[in-house]
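Let's take a walk through a protein model together. Have a look at the picture first, and then we'll go through some of its residues and contacts.

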Amino acid sequence: HDFCQKCGLESWWLRTLLPLFEQGKILEKAGVCSQIAFTRYLQSGRKLGPDPQLWLQDARFAGVPVRVYRPRAPSAGLRAGAIFFHGGGWLYCSIDSHEKICRYIARESESVVVSVGYRLAPENKYPAAYEDCLNATIHFMKNIEHYGVDAARIIVCGDSAGGNLAAAVSQTLAGGSDLPKLRAQILIYPGLQAVDFNLPSYQQNQGVPLLIRKHAAFFALQYLNGDALHMQEVLEGSHIPPDMRLKYRKWVSPDNIPEKFKARGYKPHKPREFKAEVFEKVKRLCEPNLCPLLVEDAVVQQLPESFILTCEYDVLRDDGLLYKKRLEDNGVRVTWYHLEDGFHGIIGLHDYRGLSFPAGKRGLDRIVKFIKGL
Ligand SMILES: *[C@@H]1O[C@H](CO)[C@@H](O)[C@H](O)[C@H]1NC(C)=O
């Protein structure tokens, strides 16, 4: 594997990790639910002890569980406030699993971080997660004086599915007038569309952990419908009517991906024949609150300054690249950081049970630097 050399995966890691993915296939046969339960068990994370540098507080914002991280050190003035939505394909992970990331950001950027425990699929289908994230964000905006946060420096932030939620919340709040304006959005290898699973990055990295191509569609469908029926048709692209495909082509197309990202084994893909009955079941995939890449330009123009992190060895790389282009085409300032030696989920492995990937820490440090610069 090319990516293993570049990313510095030790061979024992490979021997451990790749078979786990094979096991995923076996578990699938035993039933999707048991697979979800098993993976949740693996990824649920453990609650850490107190932090010498941070105050931690569990609370509810508009009924949604949150954990607030506040630096203990006195501050001369108000701080930036980042609302964080964790990743995990809308199905997995929790406030606990992303504890280290949130602590790192709060500590190093000296800002207040609010991690949101939104409801998970498949039990809670779209738009439950999105609504929880939106409601928690609005509650935070209305109550920032309790947290020593500067109304002019509120940020939404998330990794993977959390990046999707951050982008959707950001779009919803853009242009509103009765709440403070978001200062920035931070999208860490976000998933932003479910129209085309054959973009270059999806082809190039289809078997690369921690997110294989098939699972990208699996997660989106579980979030949407609470099941992954029609996954094969969605992967092949027969779920989008030709006229809509044509309309979205200006935003979601390999033509908008710079050539240098196509060098590593990409073949143009011709979508299979359109199937109306599949579209009928999955058409809400085209709502911008689920696929933020499909929002109109008028909304994109109002979005706040953005930070986008992408990884070379990640099926979602091109979602990030395409959104970067849409933002820039609409005059939004973008700070883009690309980890040439990164893979999906690497931020969570910046310090994982004694095993760390320096690229993950590099990415986090860039995020910290961005926040401090606001
Ligand atoms: C979000 O807040 C709105 C307005 O307060 C409320 O009507 C709605 O039920 C809330 N949504 C959820 C999922 O709790």
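## A tour of the model

Phe 218 is buried, with a relative accessible area of 5%. Here "buried" means under 20% relative accessible area, "exposed" means over 50%, and "partly exposed" is in between (1.4 Å probe, protein chains only). A word on where this comes from: the model is predicted, so local features need pLDDT of at least 70 and side-chain atom pairs count only at pLDDT 80 or more, while totals for chains, interfaces and linings use all residues. Residues are numbered from 1 along each chain as its sequence is written, and side-chain values use heavy atoms, with hydrogens and water left out.

**Rings that meet**

How many aromatic pairs does the structure hold? The count is 12. Rings of Phe, Tyr and Trp (its six-membered ring) pair if their centres lie within 6.5 Å; planes under 30 degrees apart count as stacked, over 60 as edge-to-face and the rest as tilted.

One of these pairs is Tyr 92 with Phe 219, an edge-to-face pair with 5.7 Å centre to centre and 90° between the planes. Tyr 92 lies in the loop between strand E3 (79-85) and helix H4 (99-109), while Phe 219 belongs to helix H8 (residues 213-225), so this pair ties together parts that are 127 residues apart in sequence. Helices (H or I, at least four residues) and strands (E, at least two) are DSSP runs, numbered from the N terminus. Tyr 92 is buried at a relative accessible area of 5%, and Phe 219 is buried too, at 12%.

Phe 219 also forms an edge-to-face pair with Phe 218, at 5.9 Å centre to centre and 65° between the planes. Elsewhere, Phe 61, Phe 140 and Tyr 147 form one aromatic cluster.

The charged end of Arg 72 sits over the ring of Trp 55, 4.0 Å from its centre, and the charged end of Lys 250 sits over the ring of Trp 251, 4.5 Å from its centre. For this, NZ of Lys or CZ of Arg has to be within 6 Å of the ring centre and within 35 degrees of the ring normal.

**The annotated active site**

Which residues carry the UniProt feature "active site"? According to the UniProt record, an unreviewed entry, they are Ser 160, Asp 314 and His 344. They span 185 residues in sequence, yet no two of their C-alpha atoms are more than 10.6 Å apart, so they gather at one spot. Keep in mind that UniProt positions are given in the numbering used here, feature names are shortened, and annotations may be inferred rather than shown by experiment.

Asp 314 sits in the loop between strand E7 (305-313) and helix H13 (317-329), and is buried at 1% relative accessible area. Leaving aside neighbours within four places in sequence, Asp 314 is in contact (heavy atoms within 4.5 Å) with Tyr 189, Ser 201, Asn 205 and His 344.

His 344 is in the loop between strand E8 (334-343) and helix H14 (358-372), and counts as buried at 7% relative accessibility. Beyond four places in sequence, its contacts include Ser 160, Tyr 189 and Asp 314. The side chains of His 344 and Ser 160 are also joined by a polar contact of 2.8 Å. A polar contact is a pair of N or O atoms within 3.5 Å; within protein, one must be able to donate a hydrogen and the other to accept it, and residues adjacent in sequence count only if both atoms are side-chain atoms.

**Salt bridges**

A salt bridge here is a side-chain nitrogen of Lys or Arg within 4 Å of a carboxyl oxygen of Asp or Glu. By this rule, the count comes to 25. Here are some of them:

| Salt bridge | Closest N and O atoms |
|---|---|
| Arg 67 and Asp 96 | 2.9 Å |
| Glu 280 and Lys 283 | 2.8 Å |
| Arg 317 and Glu 312 | 2.9 Å |

Arg 67 lies in strand E2 (residues 64-71) and Asp 96 in the loop between E3 and H4, so that pair ties together parts that are 29 residues apart in sequence. Arg 67 counts as buried at 6% relative accessibility, whereas Asp 96 is partly exposed at 24%. Both belong to a network of salt bridges that also links Asp 51, Asp 58, Glu 99, Arg 103 and Arg 107.
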